[in-house]
Amino acid sequence: MASQQQLALILAALVLASPAVAYTPEAAGYTPTAASSPAEAGTPVVTAGYTPGAAASTPAEPTPTRQTRQVGESRRRQRRETRATSVFLFSSPSHSQQKHKNNCHVLAVADVKIDASRSAAQKIPQTMFGLFFEEINYAGAGGLWAELVSNRGFEAGGAVTPSSIEPWSILGDASTIRVTTDRSSCFSRNVIALKMEVICEDCPSGGVGICNPGFWGMNIEQGKSYNLAMYLRSPEYLNFTASLTCSNGSQIVASASIQHASLSNWTKVELQLLAQGTCISSRLELTTLKRGIIWLDQVSVVPSDTHKGHGFRKELTSMLLDLRPSFLRFTGGCYVQGDLLKNAFRSKETIGPWEERPGHFGDVWHYWTDDGLGYYEFLQLAEDLGATPIWVVNIGISLHEKVNITDIAPLVEDVLDSLEFARGYVALGNEDCVSNFYREHYLKFYTAIREAYPDIQMISNCNGFSKRLDHPADLYDFHIYDNITAIFLNKTTFDNATRTGPKVFVSEYAVVQKKPGDGGNGSLVASLAEAAFLTGLEKNSNVVQMASYAPLFVNDNDRTWMPGAIVFNSWQHFLRVKIVNFGLIAVNLTISASGLEASVNSARSIVTVLISSNPLDGNSFSQPKKVVPVISELPNAAEEMQALLAPYSFTSFDLALEV
């Protein structure tokens, strides 16, 4: 390989046709120099390589890690059945290189010979590419799961009362209202309730009460409706107002009143709030002008237009659908293990009515979840995505504790009960093979599951790459997080892997930043290294069955693990304008948009055009891409802008909105 001084860009490509070897090194931020080593005979590699930092001569076997995983990925992959050859082109300048007018360097000329016969082909399995969801970076709570209220059951402050009600806050002062918590809830697994004692005779005009900001503000949009549900109890006449307001309370976006003669018993109250305006930093206010005592519990606000009514944010679910995943691995990751066993994710406690789910503190990623996004919801998401569920279960091992093997039976029974409800793959633990008691725990679960459900595929945490596993498994888990060079070099990791025994599930992979410049925040060269690694998996798909990037989501407000495949916030949207010109002549068009309540960001706006030179053109086997949409930047994007519509064309303008 090239030395530290001999730098060239790495280009990895899955070759289905003739390869391209030209690129612009300046755009990638590197200045290539001559490479040193010739191609090895008999390999599909054209030599030399860009090596950021010290070069490695052979692929190092990766070690799973929990603390240093940072991620970056900028591409979406699609499932496909194809015969393919993986070719890695290491291009470096030579004395004969030429500089073109567009500053592109032709760095090398290479011949690639491909044996495309069926006897030489390696079929890529339909299961190859999927998704891995972990509750990290507020990926679910405050993200994919559309619940807008944070700490909706007042349980996050702990079981000892009075307790903290954060992020709830009090509207009023000590002379007007007293707010505390007690253990009077009607739910046996969620015993904490909030007691609000209004002591003012002549209360402030806006009333007194409590408010909840959600997850860094609730994005409330004009014209949309929001479903409010809560449990109330009061021995007196109740006159109560529920409002969605901007964060400082200055603008009321939606409001409804609740009046009851008496609610001596806990009563569920449901109503719909219709937004009369837009505010990306809204909060829920629950207020009253009347003296008295009110108990509240399990307060929820959910948009009425979630994906299929299943509780998932539409725009984020749409992105997942675009990825066309073959499987969904959930819910972790270290989130399943917990730092302590009491904080591990227990699937059985996340099913049933949402009001009765106890929720828990995820002590690995340090935030509370109400577990509205639970075991059933993950199965529903897998079904919505058309993906096979892969359930990662806790087998009595956390990062720092373990269940004694003599006490493991209840955990095994819980898993068996859950599998009776839904079948798929089961991963027994997460990164637990480092524990010397993993095998003993694993076998307890494996034996019970195999006896009850012989068709279920089970996944071991132990690496069966270098030697055969000492326990039965259908697949073994493989995690790799490393710098750009190491990820690229690991493209050949499975070339010599045994073709007998359990198959490989690369359930977590990513370039991470171990020093500045390693690409841990996402970059082109990091993605290319990951692409090379993936083509290595495809080449070895007779042993590698599945692969997924990690993590899937990053909430822009909590970049604990930076970045993920999809970075999001609660409010950035696009206005999409679709126009068809069904005529023989071009049209100069003026587009004017009003009522946006947001500015148009031209730097992020795009336009998609579907057109061809002949309106009778169509796609065929010989010309499958004769009529295809073309995506371009839209630098003139604005609330009012000019556009030229070509004859017989479809045009879609995506205007990025920012408040």
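**Disulfides and a covered helix**

With 90 degrees about the S-S bond, the link between C200 and C203 is right-handed. The model is predicted, and a search of the whole structure finds three disulfides, of which this is one. The sulfur atoms of C200 and C203 lie 1.9 Å apart, and both cysteines are buried.

The disulfide of C246 and C279 has its sulfur atoms 2.2 Å apart. Its link is also right-handed, with 135 degrees about the S-S bond. This pair connects distant parts of the chain, since C246 sits in strand β14 (residues 238-246) and C279 in strand β17 (residues 279-288), 33 residues apart. C246 and C279 are both buried.

In the disulfide of C433 and C462, the sulfur atoms are 1.9 Å apart, and the link is right-handed with 95 degrees about the S-S bond. C433 belongs to the loop between β23 (425-428) and α6 (438-452), and C462 to the loop between β24 (457-460) and β25 (475-482), so the pair ties together parts that are 29 residues apart in sequence. Because its relative accessible area is 32%, C433 is partly exposed. C462, at 9% relative accessibility, counts as buried. When the bonded cysteines of the protein chain are numbered in sequence order, the pairing reads 1-2, 3-4, 5-6.

Helix α8 covers residues 524-539, 16 residues in total. From its first C-alpha to its last it reaches 22 Å, close to the 22 Å expected at 1.5 Å a residue. The helix α8 is mostly covered, with 14 of its 16 residues buried.

Definitions and conventions: Residues are numbered from 1 along each chain as its sequence is written. This is a predicted model: local features need pLDDT of at least 70, side-chain atom pairs count only at pLDDT 80 or more; totals for chains, interfaces and linings use all residues. Side-chain values use heavy atoms; hydrogens and water are left out. Helices (H or I, at least four residues) and strands (E, at least two) are DSSP runs, numbered from the N terminus. The expected span of a helix is 1.5 Å times one less than its number of residues. Buried means under 20% relative accessible area, exposed over 50%, partly exposed in between (1.4 Å probe, protein chains only). A disulfide is a pair of cysteine sulfur atoms within 2.5 Å.
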